[in-house]
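Hi everyone, thanks for coming.

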Amino acid sequence: MLMSVDADLLRVLADPLRLQIVTLLAKETLCTTHLIEETGARQTNLSNHLKVLREAGVVETEPCGRFTYYRLKPDVIASLAGQFADLAETARATAENNVKRSCP
């Protein structure tokens, strides 16, 4: 069954810095200080992007003393990947069956 791809989540992940953050968090849980070092982004800019990722449900936080650690929520990424897999399967079936709409 074809599901529609989550356009809001795609917009969130389309930003290069947010995609870089997600890629880093896929490898390990990091605090803001680590993310600043890894990305070279300014603290305020990074915090704004982390807020967007948090509100979209892509990352979750873990307070640890005066630091906040960020962790990627893999189920969100897996869901998006599944949506693209469904889309690819539909396209494959369409191509194999030569499905096309006739012109008026």
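Let's begin with one cysteine: Cys-31 has 3% relative accessibility, so this residue counts as buried. By buried I mean under 20% relative accessible area, with exposed meaning over 50% and partly exposed in between, using a 1.4 Å probe and protein chains only. Cys-103, in contrast, is exposed, at a relative accessible area of 70%.

A quick word on what you are looking at. This is a predicted model, where local features need pLDDT of at least 70 and side-chain atom pairs count only at pLDDT 80 or more, while totals for chains, interfaces and linings use all residues. Residues are numbered from 1 along each chain as its sequence is written, and side-chain values use heavy atoms, leaving out hydrogens and water.

Back to the cysteines: how many disulfides does a search of the whole structure find? The search finds zero, where a disulfide is a pair of cysteine sulfur atoms within 2.5 Å. For Cys-31, the nearest cysteine sulfur belongs to Cys-64 and is 8.9 Å away.

Leaving aside residues up to four places away in sequence, Leu-13 touches Leu-19, Val-22, Leu-53, Val-58, Ile-77 and Leu-80, with contact meaning heavy atoms within 4.5 Å.

Finally, how do the helices meet? The axes of H1 and H2 come within 5 Å and cross at roughly 90°; axes are lines fitted to C-alpha atoms, for helices over the stretch in contact, with angles from 0 to 180 degrees between N-to-C directions. H1 and H2 are therefore roughly perpendicular. On the H1 side, the contact is made by Arg-11, Val-12, Leu-13 and Ala-14, and on the H2 side by Pro-16, Arg-18, Leu-19 and Val-22.

The axes of H2 and H4 come within 10 Å and cross at roughly 75°, and this pair is therefore roughly perpendicular too, a label covering 65 to 115 degrees, with under 35 roughly parallel, over 145 roughly antiparallel and the rest oblique.

Key:
Helices (H or I, at least four residues) and strands (E, at least two) are DSSP runs, numbered from the N terminus.
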